[in-house]
Amino acid sequence: MDDVRASSAWVASHSSHVLVDSSGIEKVAETIDTIPKVEWDFEGIHYFDNGPLTVQYLFVLDALNFCFWPDKDLNYDNLAAGLKAAIQNDKSVFDADRLQKYTGPELRELLKWPRSLPLEDERVRLLHEVGFELERSFDGKASNLVESCGKSAVKLVALVTRHFPGFRDHSVYKGHQVFLYKRAQIFAADLWGAFGGQGYGEFYDIGSITIMADYIVPAVLQQLGVLKYSATLASAIEANSQIVAGSEEEVELRACSIYAVEKMKELISMKSGQQVLSIELDLWLWSFGIQCPALQHHRTLSIYY
């Protein structure tokens, strides 16, 4: 995660379109005594049985957790609840051999979705990749993947990105490699949240995880006055224009969000005298954002978020 923090800080110090406003961070930090606790499954949409099947469910969920916005009726809740219903109906639905065989129409049927999914071919490809590599290296079980990390969230993220190319969320920005790893990190965060920091969710270094840079968090930070956009970027977002994956604007939106929340976390920790976790800040910001229907976010076609 040091690479994520360091490369995000480099982007923030060289950005052309997104500014991290230090005074905005301070104002937000001043208003927060403690991070409002948001329950991981506050909407009741996730599958949980306190065992290996939950780990399998979460890994499939996080493999598919990206790019909902092209279908205005589709969101994360549909994915999480749809997969939950599927595994409740058939406990073998996410077995590694079956993951390798799903087609687009079959995935739609699993989710009970009436039309093609955004980036549907990519979603199917990633399911096949997950099934193949789980079978080849982890006896078909995501729980074996988790157990092999030795209760280290950092090692888990490294293992996931090493074995599963679809989780390798990085870009080149002004000649520098930038690491963001949203879906790999959120797998560790989901395990920690679902299992309450115990069992499969026990990580001695959970504080190393950064926020998960997506669509919602930058928009919330901009509304809070933490991020400021150039006029051209602000106009593009207001016009719902697509921002190309890997472009300077897109990398800055995500990397500056990570950097800003790390700084916010430091200030809140100093003020409260207690450890503050980035993933707690992330969940708070995200839950704040999804409760603001008018919030305008950037639009990028990407398999990474």
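**Surface, hairpin and loops**

Mentor: Asp95, Asp97, Glu135 and Asp139 form a negative surface patch. Patch residues have over 30% relative accessible area and no salt bridge, with like charges joined within 9 Å and nonpolar side chains (Val, Leu, Ile, Met, Phe, Trp, Tyr) within 5 Å. A salt bridge means a side-chain nitrogen of Lys or Arg within 4 Å of a carboxyl oxygen of Asp or Glu. This is a predicted model, where local features need pLDDT of at least 70, side-chain atom pairs count only at pLDDT 80 or more, and totals for chains, interfaces and linings use all residues. Numbering starts from 1 along each chain as its sequence is written, and side-chain values use heavy atoms, leaving out hydrogens and water.

Trainee: Where is Glu135 found?

Mentor: In helix H7, residues 120-137. Helices are DSSP runs (H or I, at least four residues), as are strands (E, at least two), numbered from the N terminus.

Trainee: And why does Glu135 count as partly exposed?

Mentor: Because its relative accessible area is 42%. Buried means under 20%, exposed over 50%, partly exposed in between (1.4 Å probe, protein chains only).

Trainee: Switching to strands. Which side chains of E2 are buried?

Mentor: Ser171 and Tyr173, which point to one face of E2 (residues 170-173).

Trainee: How many bridges join E2 to E3?

Mentor: There are 4, and the two strands run antiparallel, with E3 covering residues 176-179. Pairing requires at least two DSSP bridges between two strands. His170 sits opposite Phe179 in E3.

Trainee: What do E2 and E3 form?

Mentor: A hairpin, with 2 residues between the strands. Lys174 in the turn has a positive phi of about 50 degrees.

Trainee: On to Cys67. What is its phi?

Mentor: Positive, about 50 degrees, although Cys67 is not a glycine. Cys67 lies in the loop between helix H3 (52-63) and helix H4 (76-89). Cys67 counts as buried because its relative accessibility is 0%.

Trainee: Lys112 next: buried or exposed?

Mentor: Exposed, at 62% relative accessibility. Lys112 is in the loop between helix H6 (104-111) and H7. Its phi is positive too, near 55 degrees.

Trainee: Last one. Where does Gln275 lie?

Mentor: In the loop between helix H13 (248-272) and helix H14 (278-290). Gln275 is exposed, at 64% relative accessible area. Gln275 and Gly207 are 68 residues apart in sequence, yet 8.4 Å apart in space, C-alpha to C-alpha.

Technical notes: Areas by Shrake-Rupley, 256 points an atom, 1.4 Å probe, with all protein chains shown as cover. Lys, Arg positive; Asp, Glu negative; His and termini not counted. Charge placed at Lys NZ, Arg CZ, Asp CG, Glu CD.
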